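Please open the structure in a viewer and keep the sequence beside it.

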Amino acid sequence: MKRTQKMASPPQMPASKGRRTFLRQLLASSTLLTLNHAPIAASAPQPSGEKAYRNFEDIYRKKWTWDRVVRGTHGTNCAGNCAFNVYVKDGIVWREEQQGVYGSSGDAPDYGPRGCQKGLRHSKYMYGSQRVLYPMKSIGERGNGKWERISWHQATTEIADKFLDLVVAHGPECISYGSGTQMALKRASFCSLARFANITGVTVPEFLSGVGDLPSGIQMTLGQIHTSDTMAAVYKSRCVLVWMSNPAVTRIPDAHFFWDAKYNGTEVIAISPEFTPTAMHSSLWVNPKPGTDTALAMAMVNVILEERLFKANYIREQSDLPLLVRMDNKRFLRAEDFATQSDATADGGGFYIWDEATDSVARAPGSGTGNDQAATLKLGKLRPALEGRWRVQGLDGVIEVTTAFELLKVRAAEHAPELMSELTGVNANVIRKIARTFAAAEPAMIFSGYAACKWLHGDILQRSMLLLLSLTGNIGPEGGGLQIGNSAKTQTMAFAFDGIGVAFRGISGTTWDYDHAKMKQLNQETYGKKLAQEFDDYYQESIRKGWYPSHSSKGWKMGFFAGNNGANWRASGKRWRKSALEELELIVSLVPDAGVTSHYSDYVLPIAHHYERADMMLQSRTPYVQVLDVAVPPLGEAVDDWEANRLLAEAIGRRAKERGIGIIDDVIDGRRVQRDYRRCLELYTMNGKIKSAKDVCQYIIDTTPGIPKIPFAELAEKGVVRVNGSERTTWDDKETTYHSEVFESVRDKVPYQTVSGRQSFYIDHEWFLEFDEALPAHKKPLHNEGYPLRMMMGHARHGIHSMWRDDSFLLSLQRGEPDIYINPDDAAERDVKDGDTVRIFNDAGEFFAMAHLSAGIQPSMLFMYHGWDPMMFRNRQNFGAVISTAGLIKPTSMAGGYGQIGYKPARFSPNQTYKDFTCDFEKASEEVTAGEPA
Amino acid sequence: MARQVAMVIDLNKCIGCHTCTTACKSLWTDEPGQEYMLWHNVETKPGPGYPENWEASGGGWENGQLKPGQLMSKESHGTECSVNHEAVFFDASEIRLRQDEKMKVGSNWNEDSSSGEYPNNYHFYLPRLCNHCTKPSCLEACPVRAIYKREEDGVVLIDQDKCQGLRACNTACPYKKIYYNHVTKKSQKCIFCFPRLEKGEAPACAKQCPGKLRFVGFLEDEDGPIHKLVYEWKVALPLHPEYGTEPNVFYVPPILPNAYDDNGDISDDPRVPIEYLRQLFGEEVDGALITLDVEMERKKQGKSSQLMDLLIAKDWKSMFNIPDVRIE
C-alpha cells in the first residue's frame, strides 16, 4: 500500500498530499513565515546612519523566536536523562535546547548542560519519513513492505482475538511482550507495560541479559548488581581505569567529568585495543589484544600481591580471602566439617578463619547467620590470617586447610607480568606501572561499560576488576568502585502490581532465545556436535536441578515488540528472523519509527515520540528526576504506550466478554494464578482511576521512595527535580532511590548478600571448581578456526542502539551507510582501500559494509559501531551474521543453589554472547556492488 | 567603543560529538539552499576537513595584500541526503534502506581516521566556525561592500539585502567558512548567534556543548576567562595565524597520551608531532603546551592551579561572560 493512499485522512494530514511533502511543508512553514514577515517593529533601536543597512539583521532576530517552551527529554536507554527545553513554533516542534539547570554533587563540577547531537536532532527526526503514522496490517508475505492502513479498533480487535485464541489453547506463556530502547526507561510506559503483563500473564523477556548487558560478575562477587554512583564520583577519584568502556562516545553528556578529573590531577587510564576517542584524552592509553583483559587484570593482581601493595585490614574484614579452604577438595571449611549436617544447620552454618590472635579456628564474622539482623562483619578481637596452612580436627579426622588468599597467590603467580605481556601485547613495565599507580591512588576507580558482559567469560573479567578494587580497599569509598550501571530499585514498579498482586512472568531473554530460536543448532553448525552437546547437557542439567525455569514446554506463538527492535540486536541477525520470528503466528510492533522488526510484523501500531507524550525518567548518573511533557500532540494516530496498552486491554476485555471466555488457570513460579481476561480493562485502569500516562507518573512519584512528593504538573513545570539524599557523589544514603547496600557493608559492616556474607572472590560451587573458575583466571577467547581477525563492536556516537541511526543529517556526519574500521596494514594485505565495500565473513555467515581505514585500529582486529539496522545492509543482514556465539550459554552462568549464584532475573542469568568470535574480510566482488547507485 | 566578542575552544575536552554542529544546523541552516551548509562543523585532524582540503585553498592576507583563493565546489562540502524510508518501509519498491544519493565525501568523512602508525597513531577533533576576524579578508574582498563588522561586538555579517552572490568572499576566506546559497543566490555564514548575544546568551554551539569546552566573552574583559586564557596564560591560540586575518576564535591545543617506545614501554615523546601542531597553531604552540603540562603536573602533586580550575569550569555558566550587546 502506498501510504499516500488513505482510507480516511487523519486530522493532521491533508489527504491530497504525500506524507513526506506534508512533513516538509510542516517544517518549512515557520521558515516561510519568517522570511515573508516585515522586520518586527519592537526590535532594538537601529543605528541612525546605518538603519537601512542593518535592517536585514532582523531576519535572524526573528528566526530565533518561538511560541511556547515545554520541558522534555529523550526517553531512550542511553540513560542520559538530559533536561531540555522544547521550543514550539507554529504548532510544530521547531528545535530543542538544553535547559541547563543542574547543580553539582559534593565539590565536583556541575552536571550541566548535558545533551548530545541525537537529542538536538530529534526535533527534525520526529517529523522524518520513518515515522509510523497509523495502525498498519501486513499484506502478503511478512517483510515485503506491503501494508493496509486500518483503524485502531480493527487492529486491537483482531490482535485481541488471536491473543485469546492462544491463551485458551496454550495459556499466556506462549505470548511474549518485549520492551526495548525506545521505551524501557520511560517509567510510566514501562510500568504500563508491566501492569498489562501482570494482568495478562504474557512472558516478558528480561532485556539486560538478552542484549548481553547483565554485569553478573558483580552479582557473583557482591550479591547485587546495582553498585554504581553518579558521574560526579569520577571527579573524586585519583586514578580511573576506563576499561571496557568508551564514554567519550557512549556517555557524551558525562564525558567531561573524566577530563575535568584529569585537569584536577587524576590519572585517567584508558584500556582498549583500539585508540578510542576516550583514549585520545586520557593520561595514558594501554592497548591489550582483544579478549585478553582478564590476563591484564590478573597480572595487575600479581603485581599488587608480589609487591605487597594490598590493604590487608580491608580484605580481612570485607572479603572471603581470609576464609579457610580445605586442601583436599578445595571447598571452604564449613560447619558441617565439624558437626553433623543437622547440627551444623542448627548452629547456623558458617565459614571459618584462622585467628592469629588466639592461633585457632574461628567462625568468620558475617557468615552463616542467615538473615540475622545482628550479623556483622566487625572483627572485634579476631585477627584473621591471610596466609598460612593449618591442620584442624574435623568430624572425620584431620583436615588440612589454607586461606582463599593463599590460593589467590598461586593463581596470581600464573599471571606474572612477563608471561601476560606475551598474551596481552602490553609491556610488563606498563603493567607494573599501572598496577602501582592504581594501588597508590586513594581512591581508585574502574569505570566500565557493559562490554565485558558480551564476552563468554566476561563475568570473570568483572570478578577480577572487583578483586583489584577490593585488594586496594576501593569498594566503598567515594570515588572508588566498579562503575558499570545502576537502576532505580523495584519500588518504581509498584504500579504494575497495585490491587492485583504479583503474577508477572519475567524470564531470561537468553534462555528464551536458546529454547525458541534453535540456538543449539547454531552451536552445532559453528562449533560442532560435541561442544554443542556439552553446553546443552549443562543447560538441561541446570533445568533438571530446578536452578533455572524451562521455557521449552510450550512453544512461542506470538510476540509483542514495544519500542523494541529485537530482530536488529539479536546476535544471529537474519538467522533469528528465520528461526524465531518466522515461526510466530502473530507479531505486533508498537513503535514510533519503522525498523526491521516492525517491518517483519503483522501489525504495526503507531507510538508517540519523545516530545508528544508525558512520562518521566530516573537514571542514576545524575541525581535528578526528569520529565517528558507533551509539547505537541502525536503525529497521525500515534498514542503513548499507556494508551496503546489500554486500547489492547479494552479489546481483550471486550472480546473475552463477547466470546464468553471464563477464568483461565495459570501457573507462575509454581503458584496457581487465575486470570480473568474479561476484567482486563478494569484491572489495567484501576477501575477507571488511572486515566493517562500523567496519572501513572503521579502514582510513581507518590509511591517511590527518594523522590520529592510533588504534583506531576510541578515536575513538568520545572523539568528536573533533584532526588532526596543526593548531596554526595555516591548513593550511600539509604533514602535514595539508587541506594547500594555495599555502603552499609563497608561503613556499617552489614554482611553482603552472598554465600559467605562477604565479598565473594572464591566460589566453591561444584561447577565453578569443575571449570576452574573458583578464582578468576584468564581464559582464552573463542576462535573460529581459520578466521584470523577479531571483530569488536561498541555503542555508537551517532545513534542510541538502532534509534536515530537512519537520520539523514546524522548519516551525513558519517558516510551515509554502515562502515567498519580497519587497520591500513590489514586492508593493504587484502588489497582493500578506504571506501571500498568489503565482505566480512566467517563460518556462521557474511555481511557487507564500507571499509573505513584508521591507524587507530589494532592490527588483526576490526571495529564496527553497533545499532545499524539490518535494513541498511545488502541482503538485510547486519553484523549479526558473523556473531556465531549467540547460542553459547556458559555453564557456570546457569549454576544455582549457591546463595548469590542462581537464577534471579536482571541479577543472575546468562548473557547472550556477542563479541567472542573471529572472522575475516575481503574486497566485495563486483557482482555485489554492481548496479548500485554511484 | 569597539569591542570584540571571542571564543576559546579547549581541544583537550572535545569528543567530536557534533552537538555544536547539530545545534547550529537546526537553529540557522534548515532552509532551502542551506542543506549542504555547516556554518559550524567538526573535523578529524589531521585530515582534509570540510570543505575538502580547505587548508590548501588560499585566501587571507599575504604581504598586506589579499592572497588569491580558490572557490570550493558544492560537492567538496558533501551534502545531507534524504533516506529512502518511504520506498523501503511503506511502498515495497526498494529493498535496502539508504541515502537517495550516495555520499562521496562528507563534512566528517574521515571521522577517527587516525594518522601515523599504530600504536603511535594520532588524531583529534577540531570544531570550526567563522573566526569573526579582526582583519577579515572576506570584508575586504567584497566588491559591493555587503560585509561589515559590527562595532558593538565585532561580529562579521554578510548583509543579505546587499549581497549580490559574487562569491568573492567565499574565495577570500582562508578558512572557507562562507557558503553560497544556490537558492537565494547569496553568500551566508556563521553570525556568531548575534541575536542571542544581544540577549546575553552565548552562541548555540558554545552554550549547547555538553563537553563544556567553549568559553565565550569579550577579549577586552580582563576579568573574563577569554582574556585570561588568551593573554595571561597564553594557552589559547588562533588557528593558522599565518593566514593573517587575526581570528577571534582561539584553541587550547591538544595533548594526547604519550607515545610508546620501540619496546612498547611508555616514552616521554608526545603522540602528536609538534611540527603538525605548529602548522595548525603557529610557533606559539610550544609555550602553550609547556604551560598546560606544568599546570597539570601541579594538580597531580596536589597543588593548586588557577589555569586548571579555569579550564575545569566547575560552574558551567562561568564559561560565558556576555555583558549586554546593545545597538546604540
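## First selection: Asp90 of chain A

Begin with Asp90(A), which is partly exposed because 14 other C-beta atoms lie within 10 Å. The classes are defined as follows: a residue is buried if 20 or more other C-beta atoms lie within 10 Å of its own, exposed if 12 or fewer, and partly exposed in between, with C-beta atoms placed from the backbone. The phi angle of Asp90(A) is near 50°, a positive value in a residue other than glycine. Asp90(A) is found in the loop between strand S2 (84-89) and S3 of chain A. Helices (H or I, at least four residues) and strands (E, at least two) are DSSP runs, numbered from the N terminus.

A note on conventions is needed here. This is a predicted model, in which local features need pLDDT of at least 70 and side-chain atom pairs count only at pLDDT 80 or more, while totals for chains, interfaces and linings use all residues. Residues are numbered from 1 along each chain as its sequence is written, and chains are lettered from A and ligands numbered from 1 in the order in which they are written.

## Further backbone features

Select Lys212(B) next. Its phi is also near 50°, a positive value in a residue other than glycine. Lys212(B) sits in the loop between helix H6 (204-207) and strand S10 (214-218) of chain B. Lys212(B) counts as buried because it has 25 C-beta neighbours inside 10 Å.

Return to chain A for two cis peptide bonds. One runs from Gly112(A) to Pro113(A), with omega near 0°; Pro113(A) belongs to the loop between strand S3 (92-98) and helix H4 (117-125) of chain A. Another runs from Glu442(A) to Pro443(A), again with omega near 0°, and Pro443(A) is in the loop between helix H18 (428-440) and strand S16 (444-447) of chain A. Most residues other than glycine have a negative phi, and most peptide bonds are trans.

## Where the chains meet

Now display both chains. In total, 89 residues of chain A are in contact with 80 residues of chain B, contact meaning that the C-beta atoms of two residues, placed from the backbone, lie within 7 Å. On the side of chain A that touches chain B, the largest share, 5 residues, comes from H4(A). That side divides into 39 nonpolar, 31 polar and 19 charged residues. Here Ala, Val, Leu, Ile, Met, Phe, Trp, Tyr, Cys and Pro count as nonpolar, Asp, Glu, Lys and Arg as charged, and the others, Gly among them, as polar.

Select H4(A) together with helix H1 (residues 19-28) of chain B: their axes come within 8 Å and cross at roughly 20°. H4(A) is therefore roughly parallel to H1(B). Axes are lines fitted to C-alpha atoms, for helices over the stretch in contact, and angles run from 0 to 180 degrees between N-to-C directions. Angles under 35 degrees count as roughly parallel, over 145 as roughly antiparallel, 65 to 115 as roughly perpendicular and the rest as oblique. Gln117(A), Leu120(A), Arg121(A), Ser123(A) and Lys124(A) of H4(A) make the contact with Thr19(B), Thr22(B), Ala23(B) and Ser26(B) of H1(B). By class, this contact has 2 nonpolar, 5 polar and 2 charged residues.

## Helices within chain A

Move to helix H5 (residues 152-170) and helix H26 (residues 641-659) of chain A, whose axes come within 8 Å and cross at roughly 60°. H5(A) and H26(A) are therefore oblique to each other. Their contact has 10 nonpolar, 2 polar and 3 charged residues.

The buried residues include Val696(A), Cys697(A) and Tyr699(A).

Finish at Ile840(A), in strand S29 (residues 837-842) of chain A. Ile840(A) is buried, with 24 other C-beta atoms within 10 Å. Leaving aside neighbours within four places in sequence, the contacts of Ile840(A) include Ile820(A), Phe847(A), Leu862(A) and Phe921(A). Ile840(A) and Lys923(A) are 83 residues apart in sequence and 8.9 Å apart in space, C-alpha to C-alpha.
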